[in-house]
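Dear colleague,

Please find the structure below, together with its sequence. The notes that follow set out what was found in it.

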Amino acid sequence: MNVLKKTISRIEAPDTSWMQRAKKKQDTLVKPPGSLGYLEELSIRLAGIYREEKVALNKKMVLTFGADHGVYEEGISIQPQSITADHFASYSTGKCSIGLMAKYLNLDIVAVDIGIKCNHEIPGVLNQKIRQGTSNMAKGPAMSREDAVLSIEKGILLVEEYIKKGYEIFGIGEMGICNTTPSSAMLAVLEGLDVEKVTGLGAGTLPSNLSHKVDVIRRSIEVNRPDPKDPIDVLAKVGGFEIGAMTGVILGCSAHRIPVVLDGFISNVSALLASKLAPLSKDYMIGSHLSDEPGARYALEALGLSYPLNMNMRLGEGSGGAMMFPIIDMALYLYDRMPTFSENEIPDFDQLTPPC
């Protein structure tokens, strides 16, 4: 708990003076002020985060966490739970979506076993396992409060290792059969929303079984009575290890003034949890896409984050977040390379006289 408390205490808001400088510069570049929209907003935000006018992000990483869930016992998914362990090995080898994306985009990817249900080391995967999956939240708490804190602190300590190695921006992702189930439960509790509104099919629920999934989530909340004013309690009772770990990455990055690119629904819920623990951490989150899971929109709206991409995706893994990295690079490239009106020896838009 000391790691978590110390990390939260170190989180500060981005520097508004640097943001003002960046805004002033944006307004002198050869374009109508504000015409590049979100690209301008990104460059201004990043100037405030890094406290630099010229930002270049050379070392990028996606941290993706694998974990299993005891609620699988309730028959929500048609997929075998063994897929988590079997598929997770492909992340680092580039034989899956996020692995291929990372190669294409020149991103480093680290796959982390934070709670996969297997008793063997997975090749190419970093072992940070807390235990082999959570307990069945439909019958009692998914994990102890101590393990909930541990999952967050493991995320903090891990990302700090890579920050020390010079990584300047991170994406987060996850893998785990049934992990939309605890995510919907957490979102419903934290935001006081109806379970049915925030629950979708995930990757393995048949449309005919969706009502059963909703019933399981409602029962889990009733059995555990998580306290919405206590984010750790919510994570412990109806959460997952990978959700806690991604929360830790966000908090760790925020404490070091490093931005984090979110992925889809599960990462959005981890970001919501981080914001409940440390409201200033929202300033370091970059939204990527609107997941096809219905709860994603509610989580992003609660965070006040925009989602530039709408690809009808619901894969997870960090895939949607990875697609944001070239957009971030483009925003910074334009900010750094575009000449000003004075450099081009043409009047800026404020000085132009409208035609008669």
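Glu160 and Arg10 join their side chains in a salt bridge, with N and O 3.7 Å apart; the term requires a side-chain nitrogen of Lys or Arg within 4 Å of a carboxyl oxygen of Asp or Glu. This pair links distant parts of the chain, 150 residues apart: Glu160 belongs to helix 7 (residues 145-164), and Arg10 to the loop between helix 1 (2-9) and helix 2 (16-26). Helices (H or I, at least four residues) and strands (E, at least two) are DSSP runs, numbered from the N terminus. Glu160 is buried at a relative accessible area of 14%, whereas Arg10, at 37%, is partly exposed. Here buried means under 20% relative accessible area, exposed over 50%, and partly exposed in between (1.4 Å probe, protein chains only).

Please note that this is a predicted model, in which local features need pLDDT of at least 70 and side-chain atom pairs count only at pLDDT 80 or more, while totals for chains, interfaces and linings use all residues. Residues are numbered from 1 along each chain as its sequence is written, and side-chain values use heavy atoms, with hydrogens and water left out.

The count of salt bridges comes to 14. Another of them pairs Glu196 with Arg218, whose closest N and O atoms are 3.9 Å apart. Because Glu196 sits in the loop between helix 8 (180-191) and helix 9 (210-224) and Arg218 in helix 9, the pair ties together parts 22 residues apart in sequence. Glu196 is exposed, at 52% relative accessible area, and Arg218 is partly exposed, at 30%.

Within helix 10 (residues 231-238), Asp233 and Lys237 lie 4 residues apart, about one turn of the helix. Their side chains form a salt bridge of 3.3 Å, N to O, and Asp233 is buried at 12% relative accessibility.

A pocket is an open set of points on a 1 Å grid over the protein atoms alone, where a 1.4 Å probe fits, with protein on both sides within 12 Å along at least five of seven lines; lining residues have an atom within 4 Å of a point. Grid points are joined across faces, edges and corners, and the volume is the space filled by probe spheres set on them. Helix 4 (83-88), strand 4 (169-175) and helix 12 (265-277) each contribute at least two lining residues to the largest pocket.

The second largest pocket has a volume of about 190 Å³. Its lining includes Lys54, Asn58, Asp329 and Arg337, and helix 15 (residues 325-337) provides the largest share, 5 residues.

As to the whole fold, the protein chain has 16 helices and 6 strands. Its radius of gyration is 21 Å, close to the 21 Å that the globule rule gives for 356 residues, so the chain is as compact as a globular protein of that length. That radius is taken over C-alpha atoms, and the rule is 2.2 Å times the number of residues to the power 0.38. Of the 356 residues, 55% count as buried.

With kind regards
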